[in-house]
Amino acid sequence: MKKKPKIALLYDFDKTLSTTDMQNYTFIPALNIHPSEFWEECNRFSRLHHMDSLLVYMYKMIELSKQKHLPINREAFVSMGKDIRFFPGVESWFPRIDDFGESLGVHIEHYIISSGNREIIEGSSIYKYFKKVFACEFLYVNDEAVWPKSVINYTTKTQFLFRVNKGVLDISEDEKVNASTPDEERVIPFRNMIYIADGLTDVPCMKLIRQKGGYAIAVYAPAKMPQAKQLFSDHRVDYIAEADYRDKSELDKIVRLIIRRMAVEDELVRLHNRQAKKVEEE
């Protein structure tokens with residue numbers, strides 16, 4: 001049986017799929033402070049200690065939870081995912097796009113590459129649709145968060161594109177992801193990747209994807225349209241669209257057209273390779 005070619009859709013999470021930062025829905029209100037206070041304190045602490053901003057927010061999640069006597073176990077963080085609110089159409093997007101891919105003879109896989117909390121994403125209604133979620137995560141000792149287990153910032157995000165490309169999804173496997181791998185042995189070619197995100201922190205991934213033949217799309221809430229326009233003007237992305245994932249939306253149309261084109265290009269590449277092999281054998 002012919003093996004179906006794969007196409008990967010890779011997403012940021014906060015303000016790409018969810019309407020704001022995931023901590024703003026439940027975690028920060030439980031501290032009885034406004035989200036702006038939390039993030040301003042994180043920025044202040046980061047500047048004061050010359051510290052990576054992602055390590056800061058994870059540190060502050062632990063510190064402030066202890067001060068307020070709130071649970072900091074994995075179960076508590078996962079439970080916060082149920083309160084996440086998504087942009088229109090997100091919750092029906094994945095099976096709909098999967099079905100479209102199947103109709104073209106390709107298999108769609110969805111991935112998250114986020115600087116948010118993996119635990120909170122895990123508790124969300126859409127977690128089940130992802131092949132893999134790469135995000136920041138805590139280490140737990142005696143069922144209590146004590147230290148960041150993984151931290152993913154705007155530059156380290158790019159390594160996960162190579163992990164998807166090579167099929168090395170376990171982040172502990174550094175040797176495999178760094179090993180030289182012939183193009184024909186890579187699981188998902190970069191030309192079959194679509195990266196969907198909302199802002200400047202995703203520019204390194206957008207640039208890498210585009211350089212290697214894939215596509216980058218900047219999505220935006222209506223109030224954030226100027227930033228998306230700037231990304232487009234600066235040639236950081238191929239397309240921009242409102243973060244509306246409903247059927248027949250602008251974003252839906254763009255992604256379907258790209259998938260259709262990828263399906264055709266993949267078939268052409270396979271045809272070329274078959275002919276090249278045949279000529280070589282003759």
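Strand E1 (residues 6-11) and strand E5 (residues 193-197) pair in the parallel sense, over four bridges. Here strands pair if DSSP finds at least two bridges between them. Helices (H or I, at least four residues) and strands (E, at least two) are DSSP runs, numbered from the N terminus. This is a predicted model: local features need pLDDT of at least 70, side-chain atom pairs count only at pLDDT 80 or more, and totals for chains, interfaces and linings use all residues. Residues are numbered from 1 along each chain as its sequence is written, and side-chain values use heavy atoms, without hydrogens and water.

Tyr-11 stands opposite Ile-196 in E5. Helix H5 (residues 90-103) packs on the sheet and touches E1 and strand E2 (107-117). Its direction makes about 150 degrees with that of E2. Axes are lines fitted to C-alpha atoms, for helices over the stretch in contact (heavy atoms within 4.5 Å). Angles run from 0 to 180 degrees between N-to-C directions. Helix H11 (residues 250-281) also packs on the sheet, touching E1, E2, E5, strand E6 (215-220) and E7. H11 makes about 175 degrees with E6 in direction.

The sheet is open, with seven strands in the order E4-E3-E2-E1-E5-E6-E7 and mixed pairing. E4 (144-150) and E7 (239-242) are the edge strands; each has a single partner, so one side of each lacks a neighbour in the sheet.

The largest nonpolar core has 59 residues; Leu-9, Leu-17, Tyr-245, Val-255 and Ile-259 touch the most other members. Such a core joins buried Ala, Val, Leu, Ile, Met, Phe, Trp, Tyr and Cys residues through side-chain atoms within 4.5 Å. Buried means under 20% relative accessible area, exposed over 50%, partly exposed in between (1.4 Å probe, protein chains only). A second, separate core of 26 residues includes Ala-8, Met-193, Cys-205 and Ala-218.
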